[in-house]
Amino acid sequence: MGSRPQFSIALIPGDGIGPELVESAVEVLRAASADLHFTTEDGGAGTFRRTGTALSPEVLQRIRNTYDGVLKGPVGLPDVRHPDGTEAGVLGGILRGGLDTYANVRPITLLPGAATPLRSAEPGIDYVIVRENTEGLYLSRGRGVGNDRAVADQLLMTREGTERVVRFAFELARRRGGAPADRVRRVTCVDKSNVLRSFAFFRAVFDEIADEYPDIERDYRYADAAGHDLVADPGHFDVLVMENFLGDILSDVGAATVGGLGMCPSGNIGDHAAYFEPIHGSAPAIAGQDKANPTSQILAAALMLEHLGDRSTAARIKDAVARAYRRGGIRLLPNGCPEGGTEAATRAVIDALDG
C-alpha cells in the first residue's frame with residue numbers, strides 16, 4: 001500500500017477569536033493523523049490596519065498557486081472600516097473573486113445532544129445551502145453609486161455563474177443520502193422570481209440544469225417562504241441553491257435552528273481552488289478568553305479534508321464531534337460558548353476520535 005500524499009495547507013488565523021479557533025482545528029487535525037503541512041499566512045483586519053490591505057497580492061498568488069487548501073479563521077474588526085463605513089478587514093471579496101470559488105457550501109446539521117430552539121426537530125436537520133459566491137447583489141461590494149440623496153447597488157446574474165453553481169448543487173445532491181424527512185434527493189431553488197427579473201432568470205436557468213438530473217427532485221421556494229420553512233419544516237430540505245445575498249441571510253436562519261453560528265462550517269469551492277472557514281464573525285469581545293466554540297472551525301477542517309480526498313479522516317473528525325456532543329463532552333451555555341471553554345471542547349473532540 002502506498003502512503004497518503006501530504007497536503008500543503010495555508011492557515012489564515014484571522015482576527016478576534018480566529019487564532020484560537022484555527023489552533024483548535026489544527027490540534028484536532030494532528031490528533032487525527034491528517035497528513036498535512038501547515039504554513040501561516042497573514043490576512044484580515046489586523047493586516048489591513050498594519051499594511052493598508054487585508055491580503056497582499058503576494059499571499060493571494062501563493063494561495064492560488066502553492067497550496068492544496070486553505071483553512072481560514074474568522075476575520076474583521078468593528079473599528080476597521082473604509083471611509084464609506086463598510087468593513088475594511090474582510091477577505092470574502094478578495095478570496096472569492098481572486099480564487100473564483102463560486103460555490104459557498106454551508107452544511108446545516110443538528111448534532112445529537114446539541115440544543116435547538118425548535119419545539120420539535122424530528123425527523124432531523126441535515127441540509128446544505130449552496131450560495132453562489134461571485135455575483136448577485138454582493139458583486140456590488142465597493143461599487144455602489146450615489147450621493148447624499150440616494151444610493152444604488154446593482155444585482156447581477158449571469159448564465160455562466162448560475163449554471164455552474166446550480167450544477168454544483170445537483171452534483172452534491174447525488175452524493176448525499178437525501179432529506180431527513182423522506183430520504184429523497186432534492187435540490188431547492190430559492191429566489192424572488194415573483195418580484196425581480198434577475199431571480200426569474202436564475203430560476204429559468206435552474207430548470208434547464210435540472211433537466212440534466214432526472215434522478216434528483218427539483219423543488220422551489222420564494223426566499224421569504226424558505227425562511228419560514230427552514231424553521232417550520234427543516235427535515236424537507238436536502239440541498240438548497242441560491243443567490244449570494246439570500247444565502248448569507250438564510251444560512252444564519254438555519255444556524256439558529258442547530259445551536260447557533262458556532263456549529264456551522266463552510267467551504268468556498270471553485271474548479272481550481274478552495275478555502276474553508278466558519279460562517280460566523282471574529283467576536284473580538286471574547287477573544288483570548290478561552291470562550292469561543294471551536295465546532296465550526298473543526299468541522300470546516302473536516303470539509304477541507306473531504307475536498308482534498310481524505311474522506312476517511314474527515315469522517316473520523318465529524319463522528320468525533322458528534323460523539324463529543326452526544327456524550328456531553330461539549331455542552332453549550334445559553335450564550336453559545338462551550339461549558340469549560342475552547343480548550344476543553346477541543347479536548348473532548350480529540351478524546352472522541354477513536355470511539
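Which residues of β3 are buried on one side, and which on the other? G69 and L71 are buried on one side of the strand, V70 and K72 on the other, and both faces are covered. In a regular strand, side chains alternate between the two faces of the sheet. Buried here means under 20% relative accessible area; exposed means over 50%, and partly exposed lies in between, with a 1.4 Å probe and protein chains only.

A word on the source. The model is predicted, so local features need pLDDT of at least 70 and side-chain atom pairs count only at pLDDT 80 or more, while totals for chains, interfaces and linings use all residues. Residues are numbered from 1 along each chain as its sequence is written, and side-chain values use heavy atoms, with hydrogens and water left out.

Start with the sheet around β3. Helices (H or I, at least four residues) and strands (E, at least two) are DSSP runs, numbered from the N terminus. Two strands pair if DSSP finds at least two bridges between them. The sheet is open and has 10 strands, in the order β2-β1-β3-β12-β11-β4-β5-β10-β8-β9. Its pairing is mixed. From one strand to the next, the twist averages 25 degrees.

Now look at the neighbours of β3. Strands β1 and β3 run parallel and are joined by 4 bridges. I9 has G69 in β3 as its bridge partner. Strands β3 and β12 also run parallel, joined by 2 bridges. Here L71 stands opposite F276 in β12.

Strand β4 (residues 103–109) and strand β11 (residues 265–269) run antiparallel, with 3 bridges between them. N104 has N268 in β11 as its bridge partner.

Contact means heavy atoms within 4.5 Å. Axes are lines fitted to C-alpha atoms, for helices over the stretch in contact, and angles run from 0 to 180 degrees between N-to-C directions. Helix α8 (residues 244–257) touches β4, β5 (126–132), β8 (186–191) and β10 (239–242). The direction of α8 makes about 155 degrees with that of β5. Helix α9 packs on the sheet too, touching β1 (7–12), β2, β3 (69–72), β4, β11 and β12 (274–278). The direction of α9 makes about 160 degrees with that of β12.

Helix α9 also has a helical partner. Helix α1 (residues 18–31) and helix α9 (residues 295–308) pack at about 50 degrees, with their axes 8 Å apart. That angle makes α1 oblique to α9. Angles under 35 degrees count as roughly parallel, over 145 as roughly antiparallel, 65 to 115 as roughly perpendicular, and the rest as oblique. The crossing of α1 and α9 is right-handed. A crossing is right-handed if the near helix is turned clockwise from the far one by less than a right angle, and left-handed if anticlockwise. From α1, the contact uses L21, V22, S24, A25, V28 and L29; from α9, Q297, I298, A301, M304 and L305. These residues divide into 9 nonpolar, 2 polar and no charged. Ala, Val, Leu, Ile, Met, Phe, Trp, Tyr, Cys and Pro count as nonpolar, Asp, Glu, Lys and Arg as charged, and the others, Gly among them, as polar.

Helix α11 (residues 342–351) joins this group. Its buried residues are T342, A345, T346, A348, V349 and I350. They pack against α1, α9 and α10 (311–326).

Another helix pair is α3 (residues 57–65) and α4 (residues 92–99). Their axes come within 11 Å and cross at roughly 45 degrees. The two helices are therefore oblique to each other. The crossing of α3 and α4 is right-handed. L60, I63 and R64 of α3 meet I94, L95, G98 and L99 of α4. The contact divides into 5 nonpolar, 1 polar and 1 charged.

Finish with the loops. D100 lies between α4 and β4. Its phi is near 55 degrees, a positive value in a residue other than glycine. D100 counts as partly exposed because its relative accessibility is 34%. D290 lies in the loop between β12 and α9. Phi of D290 is near 60 degrees, again positive in a residue other than glycine. D290 is partly exposed, with a relative accessible area of 29%. P123 sits in the loop between β4 and β5. The peptide bond from E122 to P123 is cis, with omega near 0 degrees.
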